[in-house]
Amino acid sequence: MTGLQRRNQLIDVGRGLFAVRGLDGTTIEEIAACAGVSKPVIYEHFGSKEGLYTQVVDFEFHILLDAINTALAAEAKPRVLVERAALALLTYIEDRTEGFRILMRDAPPSQPEGAFSTLLSHVTARVEHILSDEFSRRGFSGQDGAMYAQMLVGMVAMTGQWWQDSRQPDKNTVAAHLVNLAWNGLTGLKKDPELQSEA
């Protein structure tokens, strides 16, 4: 294996073990045994178990952040942007369950506040801008956009955590219900909501 191939292999092995056991529950010996290498190989590439964990978290963090940023980048009505962002999170959870478990679990030493909370802060800032513009357009206080962005992102994040294990109903249905609640509120809920964007 080339150095890059070995590094990627160790990241894949580490992701699998960290997702099941967490940072503290995983040993450097387990990582080495699963990868079929000696402990010094891991130290050579990452310096420590924590160094490997930080690389795994950073890799997953950027995949999810890029997916959500892409969902929010295209021109669309605010409701459609909310749909796209919810679907981006649910798709990430569906495709990269181990990565999501790691983001939710332990904070790496380089991010003591937590990888997922850091990610949510980035997303909330984007959503705040979108909501502030929409609120101003409707004659509401644009400053309230910050508060509503926290509420909306929190609702989507908590639903994502629940759906990670449930997986029922399918992600499009979950996203439609999320947007139904966020957009229509409890008094305006529709019985059979549907997404308005292309899924």
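Author: Here is a walk through the salt bridges, pair by pair. This is a predicted model, in which local features need pLDDT of at least 70, side-chain atom pairs count only at pLDDT 80 or more, and totals for chains, interfaces and linings use all residues. Residues are numbered from 1 along each chain as its sequence is written, and side-chain values use heavy atoms, with hydrogens and water left out.

A salt bridge here is a side-chain nitrogen of Lys or Arg within 4 Å of a carboxyl oxygen of Asp or Glu. The whole structure holds eight of them.

Start in helix α1 (residues 3-25), where D12 and R15 sit three residues apart, about one turn of the helix. Helices are DSSP runs of H or I, at least four residues, numbered from the N terminus. D12 and R15 form a salt bridge, 2.8 Å from N to O. D12 is partly exposed, at 45% relative accessibility. R15 is buried, at 9%. Buried means under 20% relative accessible area, exposed over 50%, and partly exposed in between, with a 1.4 Å probe and protein chains only. The bridges also form a network, which links D12, R15, E60 and R96.

Next comes helix α5 (residues 78-95), where R79 and E83 are four residues apart, about one helical turn. Their closest N and O atoms lie 3.4 Å apart in a salt bridge. Both residues are buried.

Last, K171 and E94 meet in a salt bridge of 2.9 Å, N to O. This pair links distant parts of the chain: K171 is in helix α9 (residues 171-184), E94 is in helix α5, and 77 residues separate them. E94 is partly exposed, at 36% relative accessibility.

Key:
Helices (H or I, at least four residues) and strands (E, at least two) are DSSP runs, numbered from the N terminus.
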